[in-house]
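Subject: Structure for you to look at

Hello,

Here is the structure we talked about, with the sequence. Please open it and keep it in view while you read the notes below.

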Amino acid sequence: MKEKFDIAVIGSGAAGIAAAACAARTGAKTLLLDKNPGAGGTGGFSGLTTLCGLYDDAGNFLNTGFPEEFGEAVSESSPIKNGRLWVLPYRPEKFRAVAEKFFTDCQSLKTVWNASLENIVVENKKIISLNDFDVGAVIDCSGASEVAQKTGIATLATDEATQASAVVFQLRNVKREIRSTADAAQVLMPLARAGFPPLHFHTNLEPDSITAKFSGPPETVPKLIELLRTNVRGFENCSAVQKEFSVSRRSGKMTVGEYVLTGPDVLGAKKFPDAVARCAWPMEQWSADGKTKVRFLPPGEFYEIPARCLRAAEIKNLFMAGKTISADADAVASARVMGCCLATGEAAAKLAVKSLK
Ligand SMILES: Cc1cc2nc3c(=O)[nH]c(=O)nc-3n(C[C@H](O)[C@H](O)[C@H](O)COP(=O)(O)OP(=O)(O)OC[C@H]3O[C@@H](n4cnc5c(N)ncnc54)[C@H](O)[C@@H]3O)c2cc1C
């Protein structure tokens, strides 16, 4: 006989961690499936070291509940302010360990690693089984609407033109502070002369270390580091923490839900009667030449995400969280930050559990 689960969560990035933990904490028998060998997704495995989207302009948690709990658990320092925006620096290994700890505390959760989403059976517009498990409801946290793609229902997409992929890597032994755009410009000058797209620098909790986001090809990173070593004061002895450099994808697919969140909703700080999550992060577009376009909400404002963006339009028991929520390319350019993914993960779990009753 097939094993039966109340809730199946696909993907264990920020959204899936929240969805799986919050569903299992209600006592619902929960299955978490990921093709990776453990929990973390982009936040745990890509080299990122800043959790964005947790706070409002005043530095207070925008979403209490699981995002606050996860933020507190992962935190090893106070949040820091970049211009108007507060971010939480973190260590990727702690991000993964905190997720594992939440999971081991959930007795009704079963995790299945190294397992891709396979056969899905849909009957009467309901998913009844996947990967040979019977399921009551499904939460797609795959970052790419894998469930929608496998079942053939409608999706929207972001593309590389505005959500370019990037290599994220950490440099240690950096004896130079980069606090402002002017500081960064000085460091980047020799790279620009050699034809490299600009690097973006982010905070790293390790001493004398910095995290870099680079939109050029991964095989050129060693040459770029050599240029920094030979041309930039303070970088003479720097070296990369990673041995190999891989590309992380910003672009993805969103499942069409009962409402599609739009760019004007985000910039207009729209509120909804069925709101389940808040976000104040700006819309960030990244092009392949490393240039960014950032559009902010009005000062002090946030927008809301309605429950309808987390419920699939065409399948009754399919819910979405994180990068797969029902949003257009502009809206997801804001809502994809991890603080917001944690919030939609928790909200999707509540909606999915409620739908079982
Ligand atoms: C280069 C780059 C820089 C970024 N910088 C920041 C930043 O500084 N701060 C910030 O907050 N956000 C940042 N983001 C955005 C943020 O990291 C992601 O949008 C967010 O982590 C997405 O979370 P998620 O849970 O929706 O999906 P993901 O974290 O992508 O997790 C999806 C999970 O689903 C699994 N999966 C996918 N397909 C399948 C399948 N078929 N079967 C089984 N499992 C599957 C994957 O293995 C993965 O574990 C950045 C993103 C990129 C790419």
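Leu 199 is buried, with a relative accessible area of 3%. This is a predicted model, and the values below were computed from it. Leu 199 sits in strand S12, which covers residues 199-202. Between Leu 199 and Thr 211 there are 12 residues in sequence, and their C-alpha atoms are 9.7 Å apart in space.

Thr 211 belongs to strand S13, residues 210-214. Is Thr 211 buried or exposed? Thr 211 counts as buried because its relative accessibility is 1%, and the cut-off for buried is under 20%. The side chain of Thr 211 also makes a polar contact of 2.7 Å with the side chain of Thr 49.

Next, the ligand. The shell around the ligand holds 32 residues, and the closest are Asp 34, Thr 42, Thr 50, Lys 213 and Arg 336. By class, 13 residues of this shell are nonpolar, 11 are polar and eight are charged.

Which helices and strands each supply at least two residues of the shell? They are helix H1 (14-25), helix H2 (41-45), strand S3 (50-52), strand S11 (166-172) and helix H10 (338-355). S3 gives the most, with three residues.

Some backbone atoms come into this as well:

- A polar backbone atom of Ala 14 is 3.2 Å from an oxygen atom of the ligand.
- A backbone N or O atom of Lys 35 is 3.1 Å from a nitrogen atom of the ligand.
- A polar backbone atom of Cys 52 is 3.0 Å from an oxygen atom of the ligand.

Taken alone, the ligand would expose 1000 Å², and the protein buries 95% of that.

Now look at helix H6, residues 181-193. H6 has 13 residues and spans 18 Å from its first C-alpha to its last, close to the 18 Å expected at 1.5 Å a residue. Where is the kink in H6? The kink lies at Val 187, is about 40°, and comes shortly before the proline Pro 190. Both of these residues are buried, and the buried residues of H6 also include Ala 184, Leu 188 and Leu 191.

Two residues are worth a look for their backbone angles. Most residues other than glycine have a negative phi. Lys 125 has a phi near 60°, a positive value in a residue other than glycine. Ala 269 is not a glycine either, and its phi is positive at about 50°.

What about their surroundings? Lys 125 lies in the loop between S7 and S8. Lys 125 counts as exposed because its relative accessibility is 55%, and the cut-off for exposed is over 50%. Ala 269 lies in the loop between helix H8 (263-267) and strand S17 (275-279). Ala 269 counts as buried, at 7% relative accessibility.

The loop that holds Lys 125 also holds Asn 124, between strand S7 (120-123) and strand S8 (126-130). Asn 124 is exposed, with a relative accessible area of 67%. Which distance separates Asn 124 and Lys 316 in space? Their C-alpha atoms are 8.9 Å apart, although the two residues are 192 apart in sequence.

Met 320 is in strand S21, residues 318-320. The relative accessible area of Met 320 is 0%, so this residue is buried. Met 320 and His 200 are 120 residues apart along the chain, and 30 Å separates their C-alpha atoms.

Last, Asn 231 is found in helix H7, residues 221-231. Asn 231 counts as partly exposed because its relative accessibility is 45%, which falls between the cut-offs of 20% and 50%. The side chains of Asn 231 and Thr 230 are joined by a polar contact of 3.2 Å. Asn 231 and Val 167 are 64 residues apart in sequence, and their C-alpha atoms are 22 Å apart in space.

Regards

Conventions:
Residues numbered from 1 in each chain as written. Predicted model: local features only at pLDDT ≥ 70, side-chain atom pairs only at ≥ 80, totals over all residues. Heavy atoms only, no water. Near = heavy atom within 4 Å. Polar contact = N/O pair within 3.5 Å; in protein donor to acceptor, adjacent residues only side chain to side chain. Areas by Shrake-Rupley, 256 points an atom, 1.4 Å probe, with all protein chains shown as cover. Helix = DSSP H or I, 4+ residues; strand = E, 2+ residues; numbered from the N terminus. Nonpolar A, V, L, I, M, F, W, Y, C, P; charged D, E, K, R; others polar. Expected span 1.5 Å × (residues − 1). Bend = angle between axes of the 7 residues up to and from the residue. Buried < 20%, exposed > 50% of the residue type's maximum accessible area, 1.4 Å probe, protein only.
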